[in-house]
Amino acid sequence: MVNEGTARRKDAPVLTGAQALIRSLEKSGVEVVFGLPGGAILPFYDPLCDSPIRHILVRHEQGAGHAAEGYAVATGRVGVCVATSGPGATNLVTAIGDAYMDSIPIVAITGQVNSASIGTDAFQEADIRGITTPITKHNFLVTRAEDIPEKVKKAFHIASTGRPGPVLVDISKDALNASAPFHWPDGIELPGYKPTVTPNGRQLSQAASVIAGAQRPVLVAGGGIVRSRAWDELAAFEELTRIPVVTTLMARGVFPQSSELNLGMPGMHGTVAAVGAIQRADVLIAVGMRFDDRVTGKLDSFAPRATVVHADIDPAEIGKNRNADVPIVGDARKVLSGLTGRLKDHRMADISAWRDYVIDLKMRYPAGWEEPQNGLLSPQKVISRIGEHFGPDAIYVTGVGQHQMWSAHFLPLEHPAHWLTSGGAGTMGYCVPAAMGAQVGCPDQVVVGIDGDGCFQMTNQELTTCALNHIPVKIAVINNNTLGMVRQWQSLFYNQRYSQTDLDTDLVPDFPKLAEAMGCVGLRARTPEEVTEVLDKASAITDKPVVMEFVCEKDAMVWPMVAAGTSNDEIMIARGMAPQWHEEEL
């Protein structure tokens with residue numbers, strides 16, 4: 001329903017639905033869309049010629065969706081992707097699901113067959129609204145031209161408020177072709193949608209009292225702090241309390257990795273310090289995180305000694321997996337600033353012995369690796385060198401798998417919103433198009449993608465998009481000739497029976513030649529000396545995409561590790577090796 005205050009001017013311009021869609025996007029502040037035309041969405045593409053909106057023509061709709069995600073995370077704005085009906089729309093589903101899992105604000109616009117044909121199994125018809133209902137915050141089917149402005153405004157509002165996420169707007173072709181007066185709503189009425197942004201003061205005061213009295217507190221910073229852009233409030237909280245911090249995979253960089261208080265990443269492949277601190281904490285302050293199974297391990301043994309303060313903007317996450325002793329619903333910025341303000345009135349317990357203990361754990365058990373004995377490159381060393389070379393100011397984007405975990409450990413993640421990865425869905429193929437979107441959103445920054453040879457082969461066609469649109473991303477392919485994380489599990493749990501994990505990427509494809517064929521610069525390194533040469537050459541190229549292939553050892557493993565379904569107390573630093581906790585120091 002359009003706000004009653006909307007002016008229905010008699011002199012409102014009469015526009016086609018397609019023109020109204022373009023005008024609505026412009027009024028929503030959209031500068032860039034990623035898309036691929038087709039029959040049902042084709043009316044949209046004609047007035048696009050007259051719009052200042054930049055359109056990036058992708059090679060696959062999944063690439064459009066991930067690019068919109070990358071753009072959104074890097075800039076903090078809503079990303080937009082466009083596809084036609086049927087297979088065009090269904091090709092967006094993976095990216096929409098990824099955005100839903102990681103709370104990324106995107107608006108996906110899809111064409112639909114004529115309204116009279118909906119439900120008749122018409123050519124290129126798919127019930128994309130029904131398909132995406134479980135993986136969108138909301139979606140709309142628009143069959144009248146006059147409804148387009150209102151639905152677009154609502155879509156952007158829903159995507160970017162509360163817990164961010166994807167919204168789909170499916171528009172029938174006849175609605176795009178029809179004409180109607182254009183009325184842009186003055187406001188929005190969404191009965192039932194009123195996200196709680198300001199936390200309850202009594203709950204904040206209760207949480208502050210619990211935190212002030214804690215002897216072994218740990219703050220778990222989640223991806224919600226990134227989505228809320230609450231890193232300054234986090235810094236202020238930490239400056240006051242000096243409580244040890246653990247940053248989830250989605251929050252890497254939101255608190256400087258170089259800080260002695262940053263214990264690293266928790267969970268299945270987290271650091272000993274992070275996992276050990278959580279298991280020994282007496283108060284756990286969880287902000288903008290959802291106690292994912294990869295973080296908690298066996299849930300009933302997770303943080304067994306802790307009183308849990310859980311703050312999230314989505315009330316459905318409070319108590320969903322781990323019971324919250326002090327629940328707080330609200331935006332991370334307001335939660336953290338509210339806690340900081342109240343804690344100034346409290347006398348904090350002395351936690352210096354606790355800080356010393358966890359910092360000692362961090363020093364004794366840093367993430368590391370053993371150099372391979374077969375002369376091949378260590379993938380961990382390569383990723384570390386990439387981080388040293390491009391530095392903390394670069395934006396880093398990864399695929400999913402071993403290289404993702406190593407990147408989370410060994411890159412210099414000092415700045416917020418400089419780390420993009422697929423967390424909840426774990427989408428292979430995320431890296432290249434997401435890096436493209438981040439580079440479009442941040443054209444003056446260096447964007448470095450770190451991908452596996454398996455992930456890279458899923459969406460590398462978007463390098464053609466990058467080459468033609470002068471998007472100078474730098475993609476490092478960690479070529480270990482295998483689906484590395486799956487191979488690791490086969491090594492540990494399946495008696496080294498390597499079923500269908502060898503990719504034979506030592507034979508085909510030739511990654512540098514493939515890169516050259518797509519208009520990029522292709523480079524390869526097999527030795528430490530060549531690694532330096534490749535990085536130097538890649539840095540010097542600023543006008544086109546670069547693919548850097550690093551031929552690496554295939555049997556390297558990600559450590560530490562908590563085996564799936566086991567307790568975090570069973571963390572291993574290598575096969576058969578557990579850390580020594582020295583709890584008597586507490």
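User: Why is tryptophan 369 called partly exposed?

Analyst: This is a predicted model, in which local features need pLDDT of at least 70 and side-chain atom pairs count only at pLDDT 80 or more, while totals for chains, interfaces and linings use all residues. Residues are numbered from 1 along each chain as its sequence is written, and side-chain values use heavy atoms, with hydrogens and water left out. Buried means under 20% relative accessible area, exposed over 50%, and partly exposed in between, with a 1.4 Å probe and protein chains only. Tryptophan 369 has a relative accessible area of 29%, so the residue is partly exposed.

User: What makes phenylalanine 410 buried?

Analyst: Its relative accessible area is 13%, and the limit for buried is under 20%. Phenylalanine 410 is therefore buried.

User: How many aromatic pairs does a search of the whole structure find?

Analyst: The search finds eight. Rings of Phe, Tyr and Trp (its six-membered ring) pair if their centres lie within 6.5 Å; planes under 30 degrees apart count as stacked, over 60 as edge-to-face and the rest as tilted.

User: Why is the pair of tryptophan 369 and phenylalanine 410 called edge-to-face?

Analyst: The ring centres are 5.0 Å apart and the planes stand at 80 degrees, so the pair is edge-to-face. Tryptophan 369 lies in the loop between helix 15 (352-364) and helix 16 (379-390), and phenylalanine 410 in helix 17 (residues 402-410), so the pair ties together parts that are 41 residues apart in sequence. Helices (H or I, at least four residues) and strands (E, at least two) are DSSP runs, numbered from the N terminus.

User: What makes phenylalanine 456 and phenylalanine 511 an edge-to-face pair?

Analyst: With centres 5.5 Å apart and planes at 75 degrees, the rings are edge-to-face because the angle is over 60. Phenylalanine 456 is in helix 19 (residues 453-459) and phenylalanine 511 in helix 22 (residues 511-517), so this pair ties together parts 55 residues apart in sequence. Both phenylalanine 456 and phenylalanine 511 are buried.

User: How do you know that the charged end of arginine 280 sits over the ring of tryptophan 581?

Analyst: A charge sits over a ring if NZ of Lys or CZ of Arg is within 6 Å of the ring centre and within 35 degrees of the ring normal. For arginine 280, the distance to the centre of the tryptophan 581 ring is 4.0 Å. Arginine 23 lies over the face of phenylalanine 182, at 5.5 Å from the ring centre.

User: Why does phenylalanine 140 count as buried?

Analyst: Phenylalanine 140, in strand 6 (residues 138-142), has 7% relative accessibility and therefore counts as buried.
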